[in-house]
Amino acid sequence: MTKAGSNLKLDGDGKPIWLLLELTYQCPLKCAFCSNPLAFDQTRDQELSTDEWKRVMREARALGALQIGFSGGEPTLRKDLEALVGEATDLGFYTNLITSGIGLTVRRLEALRDAGLKHIQLGFQSSDRHTANLLAGVDSFDRKLAIAKEIKALGFPMVLNVPITRQNIAQVPDIIRLASRLGVEYLELANVQYYNWALVNREQLLPSRAELERAEAEVNRARDQLGDSMTIFFVIPDYYEGRPKACMNGWGSIHLTIAPDGAALPCSQARSIDSLSFPSVRDHSLSWLWHQSPAFQAFRGDSWMREPCRSCDERERDFGGCRCQAMLLTGDARNTDPACSKSPHHGIVRQAIAQAEQPRDGGGPLIARDAGFGCGGK
């Protein structure tokens, strides 16, 4: 199989060029692969206000940020979304809405377009209604399909993001045909990365190597047939790579996430590292958080690395892998990511792969995300 697509190197010159604003953890879906926290007692009262989000954007622009993703949970549940998009536009950001589509209407799409929204990433679970509703945990397929058509009718460039799992991987050819009919510019077939709810459901979700190889072959055939009319990304699980995916081009290198309560994070999964404290934009300037906070300094560079990463000649390519995955699978974020075949903990991943290769007769039920938490279009 080809590489997972995470080996892109992007030098932000020390600037947080990509800003992800997680406006809320609320979400109407109950996705079995939800990437937001397993347990987070946040209420709406703890979410940043409109003025606080605007201040964050101003400070981020001053730091050199270029692009904003409005995400969640489901960002359209925020009534001030249009105002926030308008502020980002006025500040010169390229804006992207990362959404499940639930909560969007033609009227809101028109308002977002008028506010300057440049791009939409729509989360989709499958081309098949039953499978899509199973993975989403609610009856949402028809509403998503309808809003996808409206997004394109209004002229938005769109990424159709389909998390790939054992349940939908055989449907990849149909998913590609659906995306082509919709006229989307980009289709992201992103095999689920196993954090949070996806990790809880990993035994049920992880495809086998043979399933991945068949799907990749279908993707390559479709690329040949479609040419430049649609770009298809196929991101395979790093479990099968022997090497981990790069950690956001390096921890605290180009990416800055702001959680709904204002916590500043090097990535959206960083809160899984319970040994770190992530201060809020309510208490510190974004400049201090990015340049000086202990959380952002924790895994920059390579001085934190243990063996085998410390002496590995690939350490500047994958940065020792994902700190959050190391934490979730080994209990210590400083360990080499177990997705790496050089990791002393690689057996954890090999065991998961061995389970995925076993014959499957339906398997156990998927555990839907609790209603109190969210996954949005991720």
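1. Helix α2 passes α3 in a right-handed crossing (right-handed if the near helix is turned clockwise from the far one by less than a right angle, left-handed if anticlockwise). This is a predicted model, where local features need pLDDT of at least 70, side-chain atom pairs count only at pLDDT 80 or more, and totals for chains, interfaces and linings use all residues. Residues are numbered from 1 along each chain as its sequence is written, and side-chain values use heavy atoms, without hydrogens and water.

2. α2 covers residues 81-91 and α3 residues 106-115. Helices are DSSP runs of H or I, at least four residues; strands are runs of E, at least two; both are numbered from the N terminus. The two helices pack at about 20 degrees, axes 8 Å apart. Axes are lines fitted to C-alpha atoms, for helices over the stretch in contact; angles run from 0 to 180 degrees between N-to-C directions. α2 and α3 are therefore roughly parallel (under 35 degrees).

3. Which residues of α2 meet α3? They are L81, E82, V85, G86 and T89, facing R108, A111, L112 and A115. Contact means heavy atoms within 4.5 Å.

4. Nine strands form an open sheet with mixed pairing, in the order β7-β6-β5-β4-β3-β2-β1-β8-β9. Pairing takes at least two DSSP bridges between two strands. The edge strands, β7 (231-235) and β9 (264-265), each pair on one side only.

5. β6 (residues 186-191) runs parallel to β7, joined by five bridges. E188 stands opposite F233 in β7. Helix α9 (residues 209-226) packs on the sheet and touches β6 and β7. Its direction makes about 165 degrees with that of β7.

Conventions: Parallel < 35°, antiparallel > 145°, perpendicular 65-115°, else oblique.
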